[in-house]
Amino acid sequence: MSEQTTTTTKQLCQGLTKADKPCRNYALADDTYCHLHQTTPSAETTHHPNGQHDLGTPIPLEQELTPEEMFRHRLQEEVVELVQRLNTLTPSFVPPPFRPEAILGYTEKLVTGLPRHQATDILQRANQIIREDAFDPETWQGLWYLINYNVQYQLDIIKRRFAGDYEVDEWGLDLEFVNAIMPFLNFMYRYYFRTSVTGFEHIPDYTRGLVVCNHSGQLPFDGGMVMTAIYQDHPSQRLLRSLYASWFPTVPFISSFLEKGGQVMACVENGTRLLEQDQLVGVFPEGYKGVGKLFKDRYKLARFGRGGFIKMALNTGAPIIPTAIVGAEETYISVYKSDLLARVTGFPYFPISLRFPWLGLLGFIPLPTKWFIDFGEPIPTDHYPTGSADNMVLVSQLTNQTRNIIQEMINDRLAQRRSVFFG
Amino acid sequence: MTKSQVVLITGVADYWGARVAARLTRVPEVRVLGIDSNAPRQKIEGMDFIQTDIRNPLLVALLKAEQVDTVCHLTFNERRRKSESDFDLNVMGTMKVFGACREAGVRKIVLKSSTDVYGAHPDNPAFLPETWPLRGSKQYGYTRYRIEVEEFAQGFSKQFADELVVTTLRLANIVGPTAVTPMTKLLSQPVTPTLLGFNPLMQLLHEDDAVEALVHAILEDVPGVFNIGADDYLPLLRLLRMVRNVDVPIVHPLAYWGVAMLRGTPLKPEAYLPLALDYLRYRWVGDTQKMAAEFGMELKYTAVDTIEEFIKLKKGPPRARRFLEADYLRQIIDYRQQQRERMNDE
């Protein structure tokens, strides 16, 4: 590679690409065309001393090509371009040698836990693959370039974001960020809490809706799980805009984390505006009283705030979707709330649980309970006259109605549940 | 719009007064009067300049004699430090101007304010409506006096609603190649302290749009308070990275403590903070729904356009080399040409 660059000054290929643009590849030594646009492949290109690629004989452009061949040709062109881009980025780079035997050994170690017949089957296949493909250096070159390309791609994203080139919506939602944290939420949702969800049909596909949930579990994992459930498993994959308490914006990182994740500070103005934009809004009207519940009070709903969520629904005619989350209460076993420590640390509440603060950071890991999320029958609010939001009698009546429905849904689910950890 | 409307602009020696006056002189139906205690640095063609202070007790007589029907009050000292003289000019001066307007039978007053009067608080709604209480930080003089001016103006306009039209424009962070505002100061300094883990959305407004909004309020009758700002919002860190500022994140308790401790020492922590720390921590975005529905003017620039223009004309290569580059002068020439063409169109 280095010899090539030093011997002659490189010239650009004189050929034209499919789009009638001048080719950006370098011409081969002693030629005016690159190896793509060459009509007869020279002997030099097929052999490279440093294990350089040879991507097959290019098909001459003058010939009539079938669509399949065209496609293959274009793919080849792209791969060559990619390889050249990588070569220009790291001119002195030579891929390190790989040892397929080491991988085989690693596979052997991995399969020891499996039953004998399965293990032998896997090993046989691995042997076969390695014998046929792995000793072919081109396989590894291809893999290496793929990895390189991936790293380059990720670096480009980071570089772009550092240059300030990314988009957020008017609430601060950054979809790239949501997609970046989704694997973690997905892991918690599917494999850690093994959440089973019912009632997806009650969530509107495109129109506004107010998802009202019970709140529990010391750390607000329940909000994340409801969001993940709708984002991953609902047919229209909507992003739930949960409303959070005004304490969170005062905490560094948490504030921008929530904002980028599409969550919004809880107040009637924000909720009403979101619903007017036909968004799906999630609220946890119990607030701190709910999330900081002691273990002995589990699944007993606290007071439902001041009915602000009902006002949002009445202002916009959005249906209220009562939602019961069961399983979150047992993730931490809080036995006492320390007012003194809460005041010292500035937290809204300071739980003393069986593991926190005794075990330090270990106390933050939730117990792997089995979760159930049930979306209930929507309560329509669009038949109330405008201005009903100021009718405090109606607001408190609807608040109590919603609360009773959710309490009933929780009780139903609890009656069906046999085990906290296995459902 | 009435024919031969007489408009008096206060503070024409300052940037905003000069810009608004220069723009108004191009409206044929309007006679423009300008007052200030200092003479403007550049003569504004077509404007009658009267050198006087807004606190002069004979202002009523002047308004009456010239038959002024609209006053655009732009005199305001935008300084971080609180001082008795600034209070006297900003707050007492406004009271005197408003009082004189009512005495002289002026029909309309246009007041320039800013969205920083809302203050940055964790419990702010994402879009602050015009009816929201003014809870701005009292730490810096300009916000403190602006709140006092606004509170007086709201009370005044409520009290004399049937005699006068009062339009208050709460302008978002103004950014542009020529204006000097807290936001442009923040973006122009090479190093900006930020608070670690906080990244609030910033609302911007192009300086030309700010001038147009003031002129629109002078020419049309739009009583009330309006938030004026672009509809796209940029996170603070994105903003700083777009203009290639180096941001120095500081843990927030340390930053607050440091500013409180070092105030008054030669280190001058406020010098690096044109906006108070709270404004770099929480969100303070004005709701522009009322502007879209009732104000009747469309902004020309989005926030991204504003910043891109700002980068082109103000940032670019380092200061020493910048003036040697042909591209830099070319951009300025093009920009001035565009401005001239726009002027001719109007």
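## Contact between chains A and B

The contact draws 21 residues from chain A and 19 residues from chain B, two residues being in contact if their C-beta atoms, placed from the backbone, lie within 7 Å. On the side of chain A that touches chain B, the elements giving two or more residues are α9 (254–260), β4 (264–265) and α10 (268–276) of chain A, and α10(A) supplies the largest share, three residues. Helices (H or I, at least four residues) and strands (E, at least two) are DSSP runs, numbered from the N terminus.

By residue class, this side of chain A divides into eleven nonpolar, seven polar and three charged residues, where Ala, Val, Leu, Ile, Met, Phe, Trp, Tyr, Cys and Pro count as nonpolar, Asp, Glu, Lys and Arg as charged, and the others, Gly among them, as polar.

## Basis of the model

This is a predicted model, in which local features need pLDDT of at least 70 and side-chain atom pairs count only at pLDDT 80 or more, while totals for chains, interfaces and linings use all residues. Residues are numbered from 1 along each chain as its sequence is written, with chains lettered from A and ligands numbered from 1 in the order in which they are written.

## A sheet in chain B

In chain B, three strands in the order β7-β9-β11 form an open sheet with mixed pairing; two strands pair if DSSP finds at least two bridges between them. The edge strands, each pairing on one side only, are β7 (173–175) and β11 (233–235) of chain B.

Strand β9 (residues 201–206) of chain B pairs with β7(B) in the parallel sense over three bridges, and B:Asn173 has B:Leu204 in β9(B) as its bridge partner.
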